[in-house]
Amino acid sequence: MSRSRARAGVGMAVASILCVQLGLAVSVGLFDQVGPEGAAWLRLAWAGVLLLVLVRPRPSQFTRTGLLACIALGVVTAGVTLLFMAAVARLPLGTASALEFLGPLGVAVARGRGAGLWWPALAAVGVVLLTEPWQGGADPVGVAFALGAALCWAAYILLTQRVGDQVAGLRGLAVSMPVAGLVATAVAGPSVFGLITPELLLIGLGLAVLLPVVPFSLELLALRRLTTGAFGTLMCLEPAVALVIGLVLLHQVPGATAVAGIALVVAAGIGAERTGARSGDDPTKGTPVG
């Protein structure tokens, strides 16, 4: 049962990664019209509306601690989204992604046990090879935004697992995503409202389904089946997936160093899959009230 839980969790995590990278590729097309923060706001605002309408959470379904965890998750979700978009506007995507993944790697290192510590170390080497930081020229403000996103992502992983364990189904996301949408509206909304057209609203709706509704739902379910250490290591596959999508969709041919980086992060992902199943009770059950 433990191995089957791990495989299911890994499958959900990988599907989430694919959705995220495809969603980011589509988001780039909106940068010229509403900027990176505006694209992030459209995604988060629509995601909050969609989950409220589809799930319809009720206060009686939450404990006090569960509700507070959902609210905190919403705040860090907005943080990681807005900060990462601000970083991408100032840094190459690969560099921003590598810095952001220091968050999941930190979780993996902190929560790993025994031989499991080798996997985040291997993934860290792969991320370095993928992004080639020795080339220099990184914008310090962009680096600061990316490191802020890394901290938010580490908190996101821990809070997502807590919400997934305490709240049944997708009710936790139906609270956290509206909170994220409200935070994004307060931060980015005023500068974007005047640029919005009906066409942009429709694009934002479709984009919200691809990112974040589907991938965040998959991550919530995956974290019921994997340790946070294994999940954090698996998330380091995203730079490799981004490189492949760039090759297929944008015709960006990676160099030998990048290919070596892909091999290392894939190896780390396999290692995490072999050692990352959570133990204990049925991971699909939460603890709702009412």
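This is a predicted model: local features need pLDDT of at least 70, side-chain atom pairs count only at pLDDT 80 or more; totals for chains, interfaces and linings use all residues.
A residue here counts as buried under 20% relative accessible area, as exposed over 50%, and as partly exposed in between, using a 1.4 Å probe and protein chains only. Residues are numbered from 1 along each chain as its sequence is written, and side-chain values use heavy atoms, leaving out hydrogens and water.

**Overall layout**

The chain has 12 helices and 0 strands; both are DSSP runs numbered from the N terminus, helices being H or I with at least four residues and strands E with at least two. Taking contact to mean heavy atoms within 4.5 Å, residues 24 or more positions apart make up 90% of the contacts with a separation of 6 or more. The accessible surface, from the Shrake-Rupley method with a 1.4 Å probe, is about 12700 Å², and 69% of this surface belongs to carbon and sulfur atoms.

**Aromatic pairs**

A pair of aromatic rings is described by the distance of the centres and the angle of the planes. Rings of Phe, Tyr and Trp (its six-membered ring) pair if their centres lie within 6.5 Å; planes under 30 degrees apart are stacked, over 60 edge-to-face, and the rest tilted. The whole structure holds 2 such pairs.

| Pair | Centre to centre | Angle between planes | Type |
|---|---|---|---|
| Trp41 and Phe193 | 5.4 Å | 70 degrees | edge-to-face |
| Tyr156 and Phe216 | 5.3 Å | 45 degrees | tilted |

Trp41 sits in helix α2 (residues 31-55) and Phe193 in the loop between α8 (171-192) and α9 (198-222), so their pair ties together parts 152 residues apart in sequence. Trp41 is buried at 9% relative accessibility, whereas Phe193 is partly exposed at 45%. Tyr156 is buried at 3%, and Phe216 is buried at 10%.

**The nonpolar core**

A nonpolar core is a set of buried Ala, Val, Leu, Ile, Met, Phe, Trp, Tyr and Cys residues joined through side-chain atoms within 4.5 Å. The largest one has 82 residues, and Met177 and Phe231 have the most contacts inside it. Helix α3 (residues 64-88) gives the most to this core, with 11 residues. Beyond residues up to four places away in sequence, the residues that Phe231 touches include Ala13, Ile157 and Leu226.

Arg224 lies in the loop between α9 and α10 (228-235) and is buried, at 2%. A polar atom of the Arg224 side chain lies 2.7 Å from the backbone oxygen of Gly164. Ser27, in helix α1 (residues 2-28), is buried at 0%. A polar atom of the Ser27 side chain is 2.8 Å from the backbone oxygen of Gly23. Apart from neighbours within four places in sequence, Ser27 contacts Ala39, Arg43 and Leu207.

Notes: A polar contact is a pair of N or O atoms within 3.5 Å; within protein, one must be able to donate a hydrogen and the other to accept it, and residues adjacent in sequence count only if both atoms are side-chain atoms.
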